[in-house]
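Open the model in your viewer and keep the selection tool at hand.

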Amino acid sequence: MSSFAPTSSATSSKSCEDFDKEDAEYFIGIDQVIYKPEAGPTESLVFKHYNASKVVMGKTMKEWLRFSVCFWHTFRGTGADPFGLPTLARPWDDGSNSLENAKRRLRASFEFLQKLGVEYWTFHDRDIAPEGKDLAETNKNLDEIVDFVGQLQQKTGIKLLWATCNLFSNPRYMNGASTNPDAHVFAYAAAQVKKGLDIALKLGAENFVFWGGREGFHSLLNTNVRSELDHMATFFKLAIAYKKKIGFKGVFLIEPKPKEPSKHQYDYDAMTVIAFLRTYGLEKEMKLNIEPNHTTLAGHAYEHDIVMSSAYNMLGSVDANTGSPDLGWDTDQFPMDIKNATLLMQVILRQGGLQPGGLNFDCKVRRESTELKDMFIAHIGAMDTFARGLKCAARILEEGVISQQVQLRYDSYSSGIGAKIESGNTSLEELEEFILQNGEPALLSGQQEHFENMFNYYV
């Protein structure tokens, strides 16, 4: 075990072997999280706003929010960063890559999910099972762990929101996976995704995510951009063909990110990905998984990529996190900003929900948050934040004041020359004649501060 501070006095005396028993309890002293709206500010292990059965605009909170916990940060995170060693010592984790240790992590995660009251989880293939000496051994490890996961899912009722493949950590992917200049690496990534789709099907995944962690470049001097993009499109087409062959019904999702670890990544933001999909005729086969922390890294507002992808019916799921824009890197913090949650939930309500996607907490506790209870507190706080955002967004939409004001801004397109523009039933000649007859347009205020004040009224 690490010499770092133990995560709780209740578990620090236990050895990893104590957690090998099927009925072992991992989070001793932490009970099922309950809804307690009257709780005071220091009660952090209860929901104050998230009431799973509460109906909002015709659906329960649980149906609107579809919360999911990611396995990689929550159960593989160590608190390490580029400037410091690990700080998070989990009493059940001996730090090894053994299958026994992998199973302990999984048992802990399913207890966590049950006590938190969340029905979904997500993982990368390499999170749950160690790589072997070759692909055959790696797949054998995966098969054993996936059988074990299947038992846990059946026992608990926990479902897999989505699976994905880690095509960025292994040194073989240092120059990318599907965009790698070496066809041998492309083939290895394809074989890994084939196995990933097999296990997604077996575990009943409702989606499958592609995140191009190294699908980009550091220098254009040694990069054939068109070749790499063509190869990436071919990679997706091969995956789509295999998905159909095996009968996997889950939705394929691409997750945009502008940079990091590459200097520039091909899936820069929502509009870039949508343009890529349309260029290669893939827009009917794939949607987007938006991570707002990535959106702000691209220089956009928190809600920007959510709005843009939904506007084109391409929003499939959300990795619900946030970052620190002042730092300028991907910090994967838990979302605690009510305004941001409200902006996001407005979009989800308008499009009728995210199903089969959800709100996946792709977040990690701060490296200073070393107690086991911090894992719960972080998720509870984020779930309450989105519950509050859901209630605020519902009130905004139900009262319709802001939407009516927005409609008024575009009212000129409802009749006359505006209606012709809206329908595309006009010409440059007709528009020129309109200006010659009607002269200079008036300056109409955008009333930005008015809209900000209205929004603040509801939040």
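**Stop 1: a helix pair**

Select I417, K420 and I421 in α14, then E430, L431 and F434 in α15: these two sets meet, contact being heavy atoms within 4.5 Å. Of the residues in this contact, 4 are nonpolar, none is polar and 2 are charged. Here Ala, Val, Leu, Ile, Met, Phe, Trp, Tyr, Cys and Pro count as nonpolar, Asp, Glu, Lys and Arg as charged, and the others, Gly among them, as polar. The model is predicted, so local features need pLDDT of at least 70 and side-chain atom pairs count only at pLDDT 80 or more, while totals for chains, interfaces and linings use all residues. Residues are numbered from 1 along each chain as its sequence is written, and side-chain values use heavy atoms, with hydrogens and water left out.

Now show both helices whole, α14 as residues 416-423 and α15 as residues 428-438; their axes come within 12 Å and cross at roughly 160°. That makes α14 roughly antiparallel to α15 (the term applies to angles over 145 degrees). Axes are lines fitted to C-alpha atoms, for helices over the stretch in contact, and angles run from 0 to 180 degrees between N-to-C directions. Helices are DSSP runs of H or I with at least four residues, strands runs of E with at least two, numbered from the N terminus.

**Stop 2: the cavities**

How many cavities of 30 Å³ or more does the structure hold? There are 4. A cavity is a set of points on a 1 Å grid over the protein atoms alone where a 1.4 Å probe fits but cannot get out; lining residues have an atom within 4 Å of a point.

Select F210, W211, G212, M232 and F236, which lie nearest the centre of the largest cavity among its 21 lining residues. This cavity holds about 210 Å³. β6 (207-210), α7 (225-246) and α8 (270-279) each supply at least two lining residues. The lining has 14 nonpolar, 5 polar and 2 charged residues.

Next select H73, T74, R90, F334, C363, K364, V365, M375 and H379, the lining of the second largest cavity, with about 50 Å³ of space.

**Stop 3: a pocket**

Finish with L343, Q346, R350, I402 and V406, nearest the centre of the second largest pocket. A pocket is an open set with protein on both sides within 12 Å along at least five of seven lines. About 790 Å³ of space lies in this pocket, and α10 gives the largest share of its lining, 5 residues.

Definitions and conventions
Parallel < 35°, antiparallel > 145°, perpendicular 65-115°, else oblique. Points joined across faces, edges and corners; volume = space filled by probe spheres on them.
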